[in-house]
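The entries follow the order in which I looked things up.

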Amino acid sequence: MKVRLNGVDEVLDGEMTLDELVARLGIEPTNLVIELNGAVLSREEWPAHSVHEGDAIEMVRFVGGG
Amino acid sequence: MSGKPLEKLVIAGVELHSRLFVGTGKFASPQAMAQAVEASGTELVTVALRRVDVRDPHDRTLAALDLTKYRLLPNTSGARNADEAVRLARLARAATGTAWLKLEVTPDPNYLLPDPIETLRAAETLVAEGFVVLPYINADPVLAKRLEDVGCATVMPLGSPIGSNRGLRTADQLRIIIEQARVPVVVDAGIGMPSHAAEAIEMGADAVLVNTALAVASDPVAMARAFRLAVQAAELARQAGPGPVSDRASASSPLTGFLHESKGASA
């Protein structure tokens, strides 16, 4: 399944929810937030959302900044 | 100098005891940043929101900072217009759990000057969505009032361009903003030395926000300590009630008993 992840085309194997995707990518979920097709989803909401073909996914977190 | 009395610093009902806000970007190491933040005595630190690098997903910039000890102020840096700022703000609230937001809209990469029209547009939307909006603006007194009118929690005018360390080049405009504001005024950007921070507080500003001056100093911890002391010194001066400024001299020593005085012949 093809998705657009942080502005890059990625191919994912099989069905998965957002929390499963985060785990599969080895991303530490602390301070992480996901935008799925424009909708902001906090961590509690990830298990209820599956990834689908063509989805636009943004994974962002806060970092040092002024 | 300002005759403006020093009032408690309260933003959106939260009292802050330090008038020094600190940015967490650009430090040479996470440890240097965490130690400088600690030494500054700040209670409020800014953070930025960025895409995770999926190939190397571990951010270390904040790893050494105990985030439970500070109130976070996420910024919308990178936003070039109101829509991008609003999008970043919503993500920032979800990521940090705070509705406080440093709104910055900087379409010009050379001077990073804030776009006043897009900032005002974004502020209206974000205030309506329940954000506590602290907008980064040029030192424009009319814009400051407009942002206050739409419900911003503070205004944050610049002293000079971000990261320039050039100090309060906008001093005359800052004075007008301070005179007219009914919300806290935070001088943000361009503060390069402790004397600049002290000047802002002495002028009547409620707080200052400093990042680059600490981050690029050879010893960020010592510089953070210097800024802390400068801000405290200026607060103390405000409390002390500064004397009037005058164009003419006013002697400090007694004006009697000079050696050249002569009162005529005596026995």
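The entries below begin with conventions, then turn to the interface, the strands and the helices.

**Conventions.** I worked from a predicted model, in which local features need pLDDT of at least 70, side-chain atom pairs count only at pLDDT 80 or more, and totals for chains, interfaces and linings use all residues. Residues are numbered from 1 along each chain as its sequence is written, chains are lettered from A and ligands numbered from 1 in the order in which they are written, and side-chain values use heavy atoms, with hydrogens and water left out.

**Interface of chains A and B.** I first looked up which residues are in contact, that is, have heavy atoms within 4.5 Å. Chain B contributes 30 residues and chain A 23 residues. I then took the buried area, defined as the accessible area (1.4 Å probe) that two parts lose on being put together, summed over both. For chain B and chain A the figure is about 2,200 Å², with 60% of it on carbon and sulfur atoms. On the side of chain B, the residues that lose the most area to chain A are Arg51(B), Val52(B) and Val54(B), together 26% of what that side buries.

I counted three salt bridges between the chains, each a side-chain nitrogen of Lys or Arg within 4 Å of a carboxyl oxygen of Asp or Glu. One salt bridge joins Glu10(A) and Arg55(B), at 2.8 Å from N to O. Helices (H or I, at least four residues) and strands (E, at least two) are DSSP runs, numbered from the N terminus.

**Pairing across the chains.** I took two strands as paired if DSSP finds at least two bridges between them. Strand 5 (residues 56–64) of chain A runs antiparallel to strand 4 of chain B, and five bridges join them. Within this pairing, Arg61(A) has Arg50(B) as its bridge partner.

**The sheet of chain B.** I found an open sheet of three strands in the order 6-7-8, with parallel pairing. Strand 6 and strand 8 (156–157) stand at the edges with a single partner strand each, so one side of each is left without a neighbour in the sheet. Strand 6 (residues 100–103) is joined to strand 7 by four bridges, and Trp100(B) is partnered with Val132(B) there. Strand 7 and strand 8 pair over two bridges, where Ile137(B) stands opposite Pro157(B).

How enclosed is strand 7 of chain B? Six of the six residues of strand 7 (residues 132–137) are buried, so the strand is largely enclosed by the rest of the structure. Buried means under 20% relative accessible area, exposed over 50%, partly exposed in between (1.4 Å probe, protein chains only). On one side lie Val132(B), Leu134(B) and Tyr136(B), and on the other Val133(B), Pro135(B) and Ile137(B).

**Helices of chain B.** In helix 1 (residues 30–40), I noted buried residues including Ala32(B), Met33(B) and Val37(B). Their cover includes strand 3 (20–23), strand 4 and helix 8 (220–240) of chain B. Gly41(B) follows helix 1 with a positive phi, near 75°.

Thr96(B) belongs to helix 2 and is buried, with a relative accessible area of 17%. A polar atom of the Thr96(B) side chain lies 2.7 Å from the backbone oxygen of Ala92(B). Not counting residues up to four places away in sequence, Thr96(B) touches Phe62(A), Val47(B), Leu72(B) and Pro74(B).

Terms used
Polar contact = N/O pair within 3.5 Å; in protein donor to acceptor, adjacent residues only side chain to side chain.
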